[in-house]
Amino acid sequence: MLDLLVRNAVLPDGRRGVGIAVKDGRIVEVREGLGLDVAAAPAAREVLDAQGLLVSPPFVDAHFHMDATLSHGLPRVNASGTLLEGIALWGELKPLLTHDALVERALAYCDWAVARGLLAIRSHVDVCDARLLAVQALLEVKRRVAPYLDLQLVAFPQDGVLRAPGAWDNLTRALAMGVDVVGGIPHFERTMAAGAESVRALCALAAEQGRLVDMHCDESDDPHSRHVETLAAETVRLGLQGRVTGSHLTSMHSMDNYYVSKLLPLLAEARLHVVANPLINITLQGRHDTYPKRRGMTRVPELLAAGVPVAFGHDCVMDPWYPLGSGDMLEVAAMGLHVAQMTGTEAMRACFDAVTTIPARILGLDGYGVAPGCRADLVLLDARDPVEAIRLRAARLAVVRAGRVIATSPPSRAALDIPGRPAFVDFKGVGLE
Ligand code: FE2
């Protein structure tokens, strides 16, 4: 007896009429036609009829700040909307944080995430606080959400690991307490030289402790901010290929084209992962420009063409840097698609991968995917393919974790009352049902 049978699904790779059999939290069979004939379907405690709609592995967010989320307006709003005022505002908020309030906000965000089919998040946690209050809170949240959401934590020295007194010590303590990944923010150190020194020291620490690296890197419009070059070089020197992520890399938007033509192969050689954060990059970068205003997002199509995997992250939801957002990775993918002008068929498809398979690889998620042996984590979307899912920010009709439906949403449709016209629209187009 199966625990769950999903029938008549479309998979992101285009296979149709697919059945997914689940037992003991794992996928045991994926086959076209499985369960299509109800009379011949294998016995299952629960059957989820996908009705020809898309069933995807869950969304994954490779870049988030869960210690700051849902704090919008505390203790005041970011009046200028700039990155630097956001960082200053976070500095004002930090002394006012309490363990319980941090836990409560993070858990509330995880509820939103689950409802959106977002079941794995890599969150940076600020370690520039001698009390390590946020670290303790998010470690507790990580334990509490583990049954339904994978939370991976990055030790993030927001004020600069060399610049902020005690930050190195705090960062190593946070890692010892159970934080997973080594973070950094080289462009926020006092000088270019100090930034490069921070990259070298942090990568060495990661190599010594066998950890992954994920640095906020070159998050500015300064074409001369080239810490990603040091990050790639250190990755190769220390043998960390495939274990290092450069987040943001917004300065690449503004770099000289010749220099980028040299940089891209270096990033590929280091097997660096890249995370762009389109909602945040498009709003925080270009703030010193008049017109034309730069978009500020890194060079996503060019990175992909060079063989560098790129994920799209949410980064912020209702916090000192961004007053909007709702944990919807399809909104993130849609913004990334538009900002990078990725409207070609394959490019649009890559934007779906940028919020599913690519970030899953960055996090090193175990058993991710729709294949036998994978964990039975699935999302049934009210769309017929990945591009339609992005176009419609499709409703998550059902979210499955380890074989159990843990969230449902109604389809998005509007009732019409116009003589001679259909009774409702669902925005899927004419004659395609
Ligand atoms: Fe960030």
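Figure 1. F427 is found in the segment after β18 (424-425), where strands (E, at least two residues) and helices (H or I, at least four) are DSSP runs numbered from the N terminus. The phi angle of F427 is near 70 degrees, a positive value in a residue other than glycine. K428 also has its place in the segment after β18. K428 counts as buried because its relative accessibility is 7%. Its side chain is joined to that of D382 by a polar contact of 2.8 Å. A polar contact is a pair of N or O atoms within 3.5 Å; within protein, one must be able to donate a hydrogen and the other to accept it, and residues adjacent in sequence count only if both atoms are side-chain atoms.

The model is predicted: local features need pLDDT of at least 70, side-chain atom pairs count only at pLDDT 80 or more, and totals for chains, interfaces and linings use all residues. Residues are numbered from 1 along each chain as its sequence is written, and side-chain values use heavy atoms, with hydrogens and water left out.

Figure 2. Most residues other than glycine have a negative phi, and most peptide bonds are trans. The peptide bond from L74 to P75 is cis, with omega near -15 degrees; P75 is placed in the loop between β6 (59-64) and α1 (83-93). A cis peptide bond also runs from Y291 to P292, with omega near 0 degrees, and P292 lies in the loop between α8 (278-284) and α9 (300-305). In the loop between α7 (257-269) and β12 (273-276) is R271, whose phi is near 45 degrees, a positive value in a residue other than glycine.

**Figure 3. Buried residues of α1.** The buried residues in α1 are L83, E85, G86, I87, L89, W90 and L93. They pack against β7 (118-126) and α8, with contact meaning heavy atoms within 4.5 Å.

Figure 4. An automatic or database domain assignment supplies the bounds of domain 1 (2-57 + 369-415) and domain 2 (59-363). Their C-alpha centres lie 31 Å apart. In this interface, 22 residues of domain 1 are in contact with 23 residues of domain 2. The two domains bury about 1700 Å² between them, 66% of it on carbon and sulfur atoms; buried area is the accessible area (1.4 Å probe) that two parts lose on being put together, summed over both. Of the area that domain 1 buries against domain 2, I390, R396 and R401 supply 39%, more than any other three residues.

Figure 5. Three salt bridges are counted between domain 1 and domain 2, each a side-chain nitrogen of Lys or Arg within 4 Å of a carboxyl oxygen of Asp or Glu. The side chains of R375 and D150 meet in a salt bridge at 2.5 Å, N to O. On the side of domain 1 that touches domain 2, at least two residues each come from β5 (54-56), β14 (378-381), α13 (386-392), β15 (396-401) and β16 (404-408).

Technical notes. Buried < 20%, exposed > 50% of the residue type's maximum accessible area, 1.4 Å probe, protein only.
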